[in-house]
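Have a go at each task before you read its solution.

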Amino acid sequence: MNKILALTKRNLKEILRDKLSLIFCLIFPIALLVILQLVFLSIEYVPDNFKIESYAVGICVFGFTFDMLFASMMVAGDKNTEFINRIKMAPISKATYYTSFLFAILPIAFIQCILFFVIAFIFKLPVSFNIVLASIYLIPSAIFYITLGIFIGYLVKNEKQSGPVSSIIISFTGMFGGVFMPIDNMGKLTTVANLLPFPHTLKIASGIFMGNNNCFFPHAFWVLGYTAVIWLILVLLLKRKK
């Protein structure tokens with residue numbers, strides 16, 4: 001545990017040094033929310049799926065994909081430093097090393113979520129205890145995207161490659177995650193989309209504003225299941241490489 005804490009502290013210092021990327025991760029979902037709301041304020045009729053209580057969680061989850069990008073760039077960036085050589089010689093397991101990135105970036109995702117909902121209140125998102133529940137329900141989604149970012153960072157050769165690969169996942173989340181439009185309107189692609197983790201990362205908390213306090217299940221099984229599979233594959237690849 002001490003090793004994870006030490007590595008997490010080191011990763012947090014690296015995050016704070018890269019202020020531009022940190023600000024981008026924190027500000028992007030807020031900026032996207034503000035832009036969309038300003039557009040909708042100029043429209044006389046706004047469809048129900050574009051009312052703030054309907055898509056607020058979607059934008060918040062979309063922000064997690066940039067935490068994924070951040071994680072992938074950090075992991076990939078370490079590959080070309082002397083630090084990774086010292087890690088290889090130190091009595092630290094690779095699993096401990098990669099887990100420390102999850103612990104370092106997860107607080108950023110939580111702060112991102114809080115800032116997002118604070119701004120959403122200004123745009124008349126209903127204030128209720130459901131906000132607290134939604135924030136808690138979104139933790140598995142944040143863990144999934146950060147885990148996916150760590151996995152991408154492991155697979156690519158350097159941080160220049162991590163950006164394009166992460167962008168593919170960001171696009172998939174936007175298209176098949178139900179962020180900007182309900183996936184139920186996608187016809188045959190709805191079945192395919194529901195087999196992917198992306199819509200479940202949103203649905204795990206989206207129903208909370210509609211009074212559905214039971215929306216956590218079964219979507220949590222999909223999100224946590226995919227997360228577990230990614231970690232399992234990563235561990236197997238590490239053992240094979242060793």
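Predicted model: local features only at pLDDT ≥ 70, side-chain atom pairs only at ≥ 80, totals over all residues.

Residues are numbered from 1 along each chain as its sequence is written, and side-chain values use heavy atoms, with hydrogens and water left out.

**Exercise 1.** Find which residues line the largest cavity.

*Solution.* Start with the term: on a 1 Å grid over the protein atoms alone, a cavity is a set of points where a 1.4 Å probe fits but cannot get out, and lining residues have an atom within 4 Å of a point. Searching the whole structure turns up one cavity of 30 Å³ or more. Its volume is about 60 Å³, meaning the space filled by probe spheres set on the points. Now the lining: Phe64, Leu106, Ala109, Phe110, Cys113, Ser135, Leu138, Ile139 and Ala142. Two or more of these come from each of α5 (94-122) and α7 (139-155); helices here are DSSP runs (H or I, at least four residues). The top contributor is α5, with four residues.

**Exercise 2.** Work out how much space lies in the largest pocket.

*Solution.* A pocket is an open set of points with protein on both sides within 12 Å along at least five of seven lines. The largest pocket holds about 360 Å³ of space. Its lining has 21 residues, and nearest the centre are Ser54, Gly178, Pro182, Leu202 and Ser206. The elements giving two or more residues are α3 (52-78) and α10 (198-206). By type, the lining splits into 11 nonpolar, seven polar and three charged.

**Exercise 3.** Is Val132 buried, partly exposed or exposed?

*Solution.* First place Val132: helix α6 (residues 130-137). Next, the cut-offs: buried is under 20% relative accessible area, exposed is over 50%, and partly exposed is in between (1.4 Å probe, protein chains only). Val132 has 39% relative accessibility, so Val132 counts as partly exposed. Together with Phe129, Ile136 and Ile139, Val132 makes a nonpolar surface patch of about 370 Å². Such a patch takes residues with over 30% relative accessible area and no salt bridge, with nonpolar side chains joined within 5 Å.

**Exercise 4.** How far apart in space are Gly77 and Asn158?

*Solution.* Find Gly77 in helix α3. At 18% relative accessible area, Gly77 is buried. Then go from C-alpha to C-alpha: Gly77 and Asn158 are 5.9 Å apart, though 81 residues separate them in sequence.

Key
Patch = residues over 30% accessible without salt bridge, like charges linked within 9 Å, V, L, I, M, F, W, Y side chains within 5 Å. Areas by Shrake-Rupley, 256 points an atom, 1.4 Å probe, with all protein chains shown as cover. Salt bridge = Lys/Arg side-chain N within 4 Å of Asp/Glu carboxyl O. Nonpolar A, V, L, I, M, F, W, Y, C, P; charged D, E, K, R; others polar.
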